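Here is my note on the fold. Please read it alongside the model.

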Amino acid sequence: MEEIINKVANSALEVFDLEDYYPKGIRVQIDISQWLLEGFLLKEKDFREYLKNHDWSQYQDQYVAVHCSTDAIIPAWALILVSVHLAPFAKKVVNGTIEDLDASLYEEILSTIDYSAYKGKPVIVKGCSRKPVPMRAYILATTHLQPFARSIMYGEACSAVPLYKESKK
């Protein structure tokens, strides 16, 4: 019998796994429709009263996404006011869904990485993850890697899809 050789482990292929950068912490979503009349109409006096009486400390050290699940037309100041109440407690507040929140967290993290370690190397952006990595994070990571990597693939080493190959000079 011939010895089985792991060609992937012996190759120069670098794996970029976005899960490695997934920030730990509780993520919650606040739906402001709960503070609207019948979920659609914002009455300023009532809205401010709901916010004043809400227990904001429950969001201590959490990542918070603020959105409205109904088709209500919300003035910008209303979402800003919610973020003002959250600011003393939450780690981060974004307008949108949990996916928007995760995308925002990845945007911050991926912009701080030194990608020069991938200079001239073939890179595979790992595709399978157990954590909710948003598509925007994959796109952003690839954009950051492209000026450095010789080639970029997506997926797993056994079934990678080529995305980019440096042009020969």
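1. In what order do the four strands of the open sheet lie? The order is S1-S5-S6-S7, and the pairing is mixed. Strands here are DSSP runs of E, at least two residues long; helices are runs of H or I, at least four; both are numbered from the N terminus. Two strands pair if DSSP finds at least two bridges between them. S1 (14-16) and S7 (161-165) are the edge strands, each pairing on one side only.

2. Some ground rules. This is a predicted model: local features need pLDDT of at least 70, side-chain atom pairs count only at pLDDT 80 or more, and totals for chains, interfaces and linings use all residues. Residues are numbered from 1 along each chain as its sequence is written, and side-chain values use heavy atoms, with hydrogens and water left out.

3. Overall layout. The protein has five helices and seven strands. From the N terminus, the elements run α-β-β-α-β-α-β-α-β-α-β-β. The radius of gyration (over C-alpha atoms) is 22 Å, well over the 15 Å that the globule rule (2.2 Å times the number of residues to the power 0.38) gives for 169 residues, so the protein is more spread out than a compact globule. Along the principal axes, the C-alpha atoms fill a box of roughly 75 × 40 × 25 Å.

4. S1 and S5 (residues 122-126) run parallel, joined by three bridges. Glu-14 has Val-123 of S5 as its bridge partner. Helix H5 (residues 135-145) packs on this sheet and touches S1, S5 and S6 (151-155). Contact means heavy atoms within 4.5 Å. The direction of H5 makes about 170° with that of S5. Axes are lines fitted to C-alpha atoms, for helices over the stretch in contact; angles run from 0 to 180 degrees between N-to-C directions.

5. The other sheet. Three strands form an open sheet in the order S2-S3-S4, with parallel pairing. Its edge strands are S2 (27-31) and S4 (92-95). S2 and S3 (residues 63-67) share five bridges. Asp-31 stands opposite His-67 in S3. Helix H3 (residues 76-86) packs on this sheet, at about 160° to S3. H4 lies across S2, S3 and S4, at about 125° to S4.

6. The helix pair. The axes of H4 (residues 98-110) and H5 come within 8 Å and cross at roughly 20°. That makes H4 roughly parallel to H5 (angles under 35 degrees count as such). Residues in the contact include Tyr-106 and Leu-110 of H4, and Leu-140 and His-144 of H5.

Terms used. Angles under 35 degrees count as roughly parallel, over 145 as roughly antiparallel, 65 to 115 as roughly perpendicular and the rest as oblique.
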